[in-house]
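The following paragraphs lead through the strand order, the helix packing and the chain contacts of the structure shown here. The reader may wish to keep the model open while following the text.

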Amino acid sequence: MFLTILHFELKYWLKNWSFYIYLSVFFVMALLSMAGAAGAFGEGTASTDHIANSPLSIYNFTKFFNKFLLFLLPAIVGSTIYKDFKSNFNNILFTYPFSKTNYLFAKFLSSFIIVSIITIFVELGLFLGTKIPTANGAQLLPFDALPYLQTYFIFLIPNLLLFGTVVFVTVLISRNIYVGFISVILLWLLSEIVLRIAGIESLTSFLLEPFGNNATQSITRHWTLSEQNTLPLVLQPIVYYNRLVWLFASIIIFTIGYRWFSFSQNLLH
Amino acid sequence: MTLRINKLSKTYPNGVKALDNLTLEIQKGMFGLLGPNGAGKSSLMRTLATLQNPDEGTIYFEDIDVLNNPMTLRKTLGYLPQDFGVYPKMSAMDLLDYLATLKGITSRKDRNNLIQQVLEITNLYGVRKQFVDNYSGGMKQRFGIAQLLLNNPKLIIVDEPTAGLDPAERNRFLNVLREIASSNIIIFSTHIVDDIKDLCNDMAIMNGGKILKKSKPSEATKEIENKIWIHNCSREKLEEMEQLHIVLSSKYNEDNSINIRVYANEQPAEYFIKATANLEDVYFIALKNHHQA
């Protein structure tokens, strides 16, 4: 049953034009951003002393796109669960012989796979942006896969998992897609508040800022320009602790939604 | 084959008592559950369909303890909710294929055969490639029957399926139900007396979360034979009549006079004429008794 639902939901998205629009928009934005930084559109568009594809630069690009990717979550993760309630199909589906575990995990995983695929196209766009023929070779380092992999697996995916879980659970409980949007904004605000209260150089903010950026930038902030252009992304243990804290938070949030949800719920009339 | 409902109670958080110590036993065949809107029919149906839990009571279908093993029941359950929709922009074929897989039919060949079969039973084969969300009310209800048949259910629950159907669609729908009623229990809820009369071999009248009367439709009318009286009176007299007699129903004539039907053991007055008892009388007597109690 898990695979049946997973397969159905994946097919649903792969046949849906909005998936291809999201994917193209992120791909093109990423490609143009990188190409522009590498001087592909002429001298005026970029500061020539910055290396466009240095590990830190790739990190900064993905940090930027991460914020926009968050707004895909209600549209994809939220709507995958919401469409059952919106269409009223749940009145039929919830009397079918599949378990809550299969249902919730398949719904979440299918939508998260879709988000992960779109996210790959951000990295792909950044990479192909360096390959534009008019790019200035002096502003580019030779290709290195590591920063792309690091930003994808250590930052983008865990961050989307956290926010995706929050959206999934709030839509599941509220049966309202807009609450999903609001939850993204609230969590984002929360992270800003943490930074303001704890201060950017405190251990608390290193651990509790949900994107893991503050912990990372505690090092890179002090780099000179030539270090920014050349050094690999140094990830101190605190970055991994931060990721673990929020991975754990994602699991807890999902568990709350899982425990709360039941196919047998009251009809109020 | 028996469905045993024992002392079922349910009070919603807003204080509405939807089920009130309800006990009912249902045998193989077509069972009609008749009651006005808000009688608790849907609450009972949803509880039987494992969509909500009662506060108290037990439900057994054959040897399945329904409330403790909902999954076991779901495997043999077919449910048509009062209010349902489907995913937009999907054809009946595609939806049924997914739903059949969810009901555990893994072989594609079995699925295709089964889908063709249920589409033919429900007269939807000709429109199988159209989107279900574009179907008319009657077609959608028949699609609801098609999906519930996919696992060859032994317990079928259809909740107010004829509400909102035009007469032609209603007839077509009832014919489909008649066709599938053979070796299973079908529970059919409605507030339309004619649905029961045309279809059911056993019935119960429900209101206020309670079963007011359970009987075979033919026996129920036999019980009140010779006790139904009609009289044609003027509109001004209606109130007086209602005080003097148990007026079950009143219908206006073209000349603005009223035909009233009265329930009484003896002829209530000489101007009353004896009438043939019908199921509607049974229904109104049950509701009247309940209101007085």
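**Sheets, helices and interface**

In chain B, six strands form an open sheet in the order 6-7-8-3-9-10, with mixed pairing. Helices (H or I, at least four residues) and strands (E, at least two) are taken as DSSP runs and numbered from the N terminus, and two strands pair if DSSP finds at least two bridges between them. The model is a predicted one, in which local features need pLDDT of at least 70 and side-chain atom pairs count only at pLDDT 80 or more, while totals for chains, interfaces and linings use all residues. Residues are numbered from 1 along each chain as its sequence is written, chains are lettered from A and ligands numbered from 1 in the order in which they are written, and side-chain values use heavy atoms, with hydrogens and water left out.

Helix 6 (residues 167-180) of chain B lies across strand 3, strand 6, strand 7 and strand 8, and runs at about 155° to strand 8 of chain B.

Strand 9 (residues 202-207) and strand 10 (residues 210-215) of chain B pair in the antiparallel sense over five bridges. Ile205(B) has Lys213(B) in strand 10 as its bridge partner. The two strands form a hairpin with two residues between them, and Gly208(B) in the turn has a positive phi of about 55°.

Another open sheet of chain B has four strands in the order 2-1-4-5, with antiparallel pairing. Strand 2 (17-27) and strand 5 (64-65) of chain B each have a single partner strand, so one side of each is left without a neighbour in the sheet. Strand 1 and strand 2 of chain B are joined over seven bridges in the antiparallel sense, and Leu3(B) has Ile26(B) in strand 2 as its bridge partner.

Over all chains, the count comes to 17 salt bridges, each a side-chain nitrogen of Lys or Arg within 4 Å of a carboxyl oxygen of Asp or Glu. One of them joins Asp55(B) and Lys10(B) (3.9 Å, N to O). Asp55(B) lies in the loop between helix 1 and strand 4 (56-61) of chain B and Lys10(B) in strand 1 (residues 2-11) of chain B, so the pair ties together parts that are 45 residues apart in sequence.

Between the chains, 27 residues of chain A are in contact with 30 residues of chain B. Across this interface the rule finds zero salt bridges.

Definitions and conventions
Contact means heavy atoms within 4.5 Å. Axes are lines fitted to C-alpha atoms, for helices over the stretch in contact, and angles run from 0 to 180 degrees between N-to-C directions.
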